[in-house]
Amino acid sequence: MRNALRRFALAALIAPAAIGAALMIASPAEAAPKASEVSLQAEINRLVDVERTANGCAALTVNDQLTTAARNHSGWMAQTGEFSHTGKAGSDFFARVAEAGYAKPAAENIAWGYRSAEQVVASWMKSPGHRANILNCANTTVGVGAVYAESGTPYYTQNFGS
């Protein structure tokens with residue numbers, strides 16, 4: 001009888017945890033980044049620093065909070081198929097960065113569909129607004145989020161801070 005009660009008590013503790021674990025499904029933004037996403041983000045940062053230093057600006061410091069905000073927004077876009085600076089629940093860049101804990105947001109670039117870091121950075125550099133964000137020497141920190149949708153389409157967010 002005592003062993004039966006112990007097994008029942010153990011089952012009562014384990015079952016809810018197992019059920020809860022089975023029901024927890026991470027969105028692309030909440031899931032751990034894939035190695036391909038991490039390397040893509042790093043290459044975007046490297047190429048942006050090449051552009052900045054060639055144009056008289058210092059290289060940017062990668063910031064974990066800006067990266068989190070960028071990955072969350074890219075994940076939301078990848079999950080919903082929406083391509084916009086307006087995000088989940090109507091959020092804007094400033095709200096997303098503040099929610100991630102970063103105090104001095106400066107600018108945001110977004111893109112989707114480009115298959116390489118070279119392509120996305122080249123596209124941003126051809127766009128006057130995006131180029132201005134990249135070459136603004138007052139921007140000192142950056143976070144990039146590259147997240148693939150289920151279809152394989154990449155969504156990109158680049159957040160700058162000062």
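## Helices over the sheet

Helix α3 lies across β1, β2, β3 and β4, and runs at about 30° to β3. Keep in mind that this is a predicted model.

## The overall layout

Stepping back, the protein has 6 helices and 4 strands. Going along the sequence, they come in the pattern α-α-β-α-α-β-α-α-β-β. Of the contacts between residues at least 6 apart in sequence, 70% join residues at least 24 apart.

Buried residues account for 39% of the 162 residues.

## How the sheet is put together

The 4 strands form an open sheet in the order β1-β3-β4-β2, and the pairing is mixed. β1 (61-62) and β2 (105-112) stand at the edges with a single partner strand each, so one side of each has no neighbour in the sheet. In general, strands of a sheet pair through backbone hydrogen bonds, either parallel or antiparallel.

For β1, the link to strand β3 (residues 141-148) is parallel and consists of 2 bridges. If you want a spot to look at there, Thr61 stands opposite Thr141 in β3.

## Ser74, a buried serine in α3

Ser74 sits in helix α3, which covers residues 64-80. Is its place buried or exposed? Ser74 counts as buried, because its relative accessibility is 0%, and the cut-off for buried is under 20%.

Which residues does Ser74 touch once its neighbours within four places in sequence are left aside? The list is Gly145, Ala146, Val147, Tyr155, Tyr156 and Thr157. Gly145 also takes part in a polar pairing: its backbone oxygen lies 2.7 Å from a polar atom of the Ser74 side chain.

## Ala89, out in a loop

Ala89 belongs to the loop between α3 and α4 (93-99). Its relative accessible area is 84%, so Ala89 is exposed, given that exposed means over 50%.

The backbone of Ala89 is worth a look too: phi is near 55°, a positive value in a residue other than glycine. For background, most residues other than glycine have a negative phi.

Terms used. Residues are numbered from 1 along each chain as its sequence is written. This is a predicted model: local features need pLDDT of at least 70, side-chain atom pairs count only at pLDDT 80 or more; totals for chains, interfaces and linings use all residues. Side-chain values use heavy atoms; hydrogens and water are left out. Buried means under 20% relative accessible area, exposed over 50%, partly exposed in between (1.4 Å probe, protein chains only). Contact means heavy atoms within 4.5 Å. A polar contact is a pair of N or O atoms within 3.5 Å; within protein, one must be able to donate a hydrogen and the other to accept it, and residues adjacent in sequence count only if both atoms are side-chain atoms. Two strands pair if DSSP finds at least two bridges between them. Axes are lines fitted to C-alpha atoms, for helices over the stretch in contact, and angles run from 0 to 180 degrees between N-to-C directions.
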